[in-house]
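Reader: I'm new to this and a bit lost when I look at a whole model at once. Could you pick one part, take me through it closely, and then show me how to look at a few other spots?

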Protein chains: 2
Amino acid sequence: MVEINADRLLTTLRRLREFGATGTGVVRPTLSAVDMAARRWLAQRMADAGLDARIDGVGTLLGRSRRAGKAMLIGSHSDTQPRGGWLDGAMGVVYAIEIAHSLAEHADTAAFAVDAASWSDEEGSYFGFLGSRSFCGESMEHAIEQARNDKGERLAEAIAAAGLSHEPPHRLEPGRYLGYLEPHIEQGGVLEAAGQRIGVVTHIVGMRDFTIEITGRQNHAGTTPMRLRRDAGAAAIRLGNAIQSTMAGVAGPQSVWTIGRMSFDPGAPSIIPGRATFNQQVRDVEAGRLEAMEAHVRGLVAEAARAGPCGVAIVPSKDAVEPAAMDSGFQDALAAAAERHVPGGWRRMPSGAGHDAQVLARRMPAGMLFVPSIGGVSHDFAEDTSDEDIVLGCQVLATAAASILAAARGR
Amino acid sequence: MVEINADRLLTTLRRLREFGATGTGVVRPTLSAVDMAARRWLAQRMADAGLDARIDGVGTLLGRSRRAGKAMLIGSHSDTQPRGGWLDGAMGVVYAIEIAHSLAEHADTAAFAVDAASWSDEEGSYFGFLGSRSFCGESMEHAIEQARNDKGERLAEAIAAAGLSHEPPHRLEPGRYLGYLEPHIEQGGVLEAAGQRIGVVTHIVGMRDFTIEITGRQNHAGTTPMRLRRDAGAAAIRLGNAIQSTMAGVAGPQSVWTIGRMSFDPGAPSIIPGRATFNQQVRDVEAGRLEAMEAHVRGLVAEAARAGPCGVAIVPSKDAVEPAAMDSGFQDALAAAAERHVPGGWRRMPSGAGHDAQVLARRMPAGMLFVPSIGGVSHDFAEDTSDEDIVLGCQVLATAAASILAAARGR
């Protein structure tokens, strides 16, 4: 059995945390100077582990094994949310390097091929899943030209500033991989509440996200009688309430629906809003359920538009993400490894958040492993996981990866 | 009968428009360099009209008549909204100067005393009704120390930068005034829709404005099950909808209620809002009705706080403004003048917007006259009124002022 090096794992992870450290959190925006510095440092760690590492034209760092035979691809992302935690993404990248390194160090597994990846922009600062989509063969030319971050900076300029404009993309090499494994913090409180330490992911939920725009007529809130108003704010509140108060009727037990953003224009107490905008997001693990939730939103929007007095438009605000099932063989390998290292202390569970694994799952078998998030917190400076859980997660994944690689070689 | 000088009126008004002109609008923030330049220029026009003009320590420009006998005070404000129209406030100040000037030029009215005022900060860039409240005897020391504009600049610093720190305040001189008249654009579409040209104001509505703050728990919109959420955005939408869908039950025929601002924190599609804030404003001409509307809002807030799962707090966000009745004698004088110059083409109506007249009305008889707003638009660069209506309004007010002044002298 392969044994990981817990000290090296934690040391590498803590050193990576220093790139963009801000209080207990990390600010390491995609393709920023500090993100590039972290990627270059990680490329050195990949080289230490025997991998051939290169950053490509969209920022993905891929460390390729020099071993023959089918490889296991393991990865996540080392860039962060605008105000992110230290583990979201980073932990998975460091696991990948540690597993490549420790497998190479053990005689039984030294011939196994493990590639390690840090995908670019999973979080969508410019364009969600930029790195893994590019790797899977999507042309990113249009996105590179058009995509901008919240500050209005173009992705093309960020790539140029990072010195990557002339780097060719990493592309999936047909036949190279047994599959993809992505370790990640849970980002919810399910494991902690259950007193469990490992989650074996069954599905990654699909998502629909809509921007709903309401157009009324801006006017003075004192001098405009109620009967003459076309109040975009009032219409947004009415429609938002109609959606959120009826969604349970079409939702399933694992569905979630969220209005994360609502704003009125011009947004002053004495002015009737002329425009209002909100986002309605829905998620579910079943494609049919997701369709039904979308249809419900669209139906209520159409009803509001018919009823007036404001105009109502609905625009899908991101590409729809289809639910992705994790490979059942990989689930079983992860479950067996978890049961071995922490008997009874693991569960199968869906992922409510999106991950690069859902992109990779379209092209190869994919699996995901979760470790507990303290207090269920993520996307926040307070995000954390105990050292014991970090080490255990890496050990479970190493065991599972080794067992899959061994099985492929007929051992 | 006094006759105003229409050319002089329009020339003065157009020249004033040049101070801070921005497209068809005007940007002349309270106590800014351009506001002070406009006030100094208006002080010259007051001097031309025979008035003794001075800018006081909060920015109010008052031109005092040198005539003996009780005076009519006429005024409005020459500073603007952040992106204001050219007539809101400015027109009333120029009317006041023109009426003082034309009364002085006519033998019948040359002995009549008219004071002209441009109050400071009616719109509340720093502190609403700053000038008229100071004039009516309120101590502004605390406001001067504490008040800040949207950019965080302190009122005390703006006063110092304007060179006014050592100017004593203008104060209402007991026994000096017959009353106060304020001419203004309507800021609504009632006159235009009715094809009428003059509004005689009966009341200025009272207002209550509340900031409602909702505290939940920020979390990931994908990984947090519905049953575990404390979604501040969802709670804000539910409460806002409850208020706006039931207010008609306690409101009167002239009540208005508005949610002009709603925002979620952090306000991203994939994050359950941890905090949400909105403003609920209510206005009515009857004090009792206003109380009932406030009680209704507070009742629904308390119910939402009890029901949970989010915390709900309500904070009055501005001083409550009580409804102010206009003097019935002044209303009759304005009505008689309107009927003389435009028979059948005027109406009595409330003012839905706040004006300095509601402050002055606590200390002396007050009246207001409206001219039509094209398209009902105000607080916008597109704000406008036809030249004919501008001239007519000034003529009607001059006739009414002269008749009140004449009656006071027993003529």
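Author: Right-handed means that the near helix is turned clockwise from the far one by less than a right angle, and left-handed means anticlockwise. Helices here are DSSP runs of H or I with at least four residues, strands are runs of E with at least two, and both are numbered from the N terminus. This is a predicted model, where local features need pLDDT of at least 70, side-chain atom pairs count only at pLDDT 80 or more, and totals for chains, interfaces and linings use all residues. Residues are numbered from 1 along each chain as its sequence is written, chains are lettered from A and ligands numbered from 1 in the order in which they are written, and side-chain values use heavy atoms, leaving out hydrogens and water.

Back to our crossing. The axes of H1 (residues 6-17) and H3 in chain B come within 10 Å and cross at roughly 145 degrees. (An axis is a line fitted to C-alpha atoms, for helices over the stretch in contact, and angles run from 0 to 180 degrees between N-to-C directions.) From H1(B), the residues B:Arg8, B:Leu9, B:Thr12, B:Leu13 and B:Leu16 meet a set in H3(B) that includes B:Met91, B:Tyr95 and B:Glu98; contact means heavy atoms within 4.5 Å. Sorted by class, this contact has 7 nonpolar, 3 polar and 3 charged residues. Nonpolar covers Ala, Val, Leu, Ile, Met, Phe, Trp, Tyr, Cys and Pro, charged covers Asp, Glu, Lys and Arg, and polar is the others, Gly among them.

Now follow H3(B) (residues 90-105) to its packing with H12(B), at an angle of about 55 degrees and with the axes 10 Å apart. The pair is therefore oblique, the label for whatever is left once under 35 degrees counts as roughly parallel, over 145 as roughly antiparallel and 65 to 115 as roughly perpendicular. H3(B) and H12(B) also make a right-handed crossing. B:Met91, B:Tyr95 and B:Glu98 turn up here too, among the H3(B) residues that touch H12(B), where B:Leu397 is one of the partners.

While you're at H12(B), peek at the loop between strand S18 (366-371) and helix H12 (387-408), where B:His379 sits. B:His379 isn't a glycine, yet its phi is positive, about 50 degrees. Most residues other than glycine have a negative phi, and most peptide bonds are trans. B:His379 counts as buried at 15% relative accessibility; buried means under 20%, exposed over 50% and partly exposed in between, using a 1.4 Å probe and protein chains only.

Chain B has a peptide bond worth a look as well: the one from B:Asp265 to B:Pro266 is cis, with omega near 5 degrees. You'll find B:Pro266 in the loop between strands S12 (262-265) and S13 (271-272). In chain A, the bond from A:Asp265 to A:Pro266 is also cis, with omega near 5 degrees.

How do the two chains relate? Chain A can be laid on chain B with an RMSD of 0.3 Å by a turn of 179 degrees and a shift of 0.3 Å along the axis, so the copies are related as by a two-fold rotation axis. The superposition is by least squares on C-alpha atoms of residues with pLDDT of at least 70 in both.
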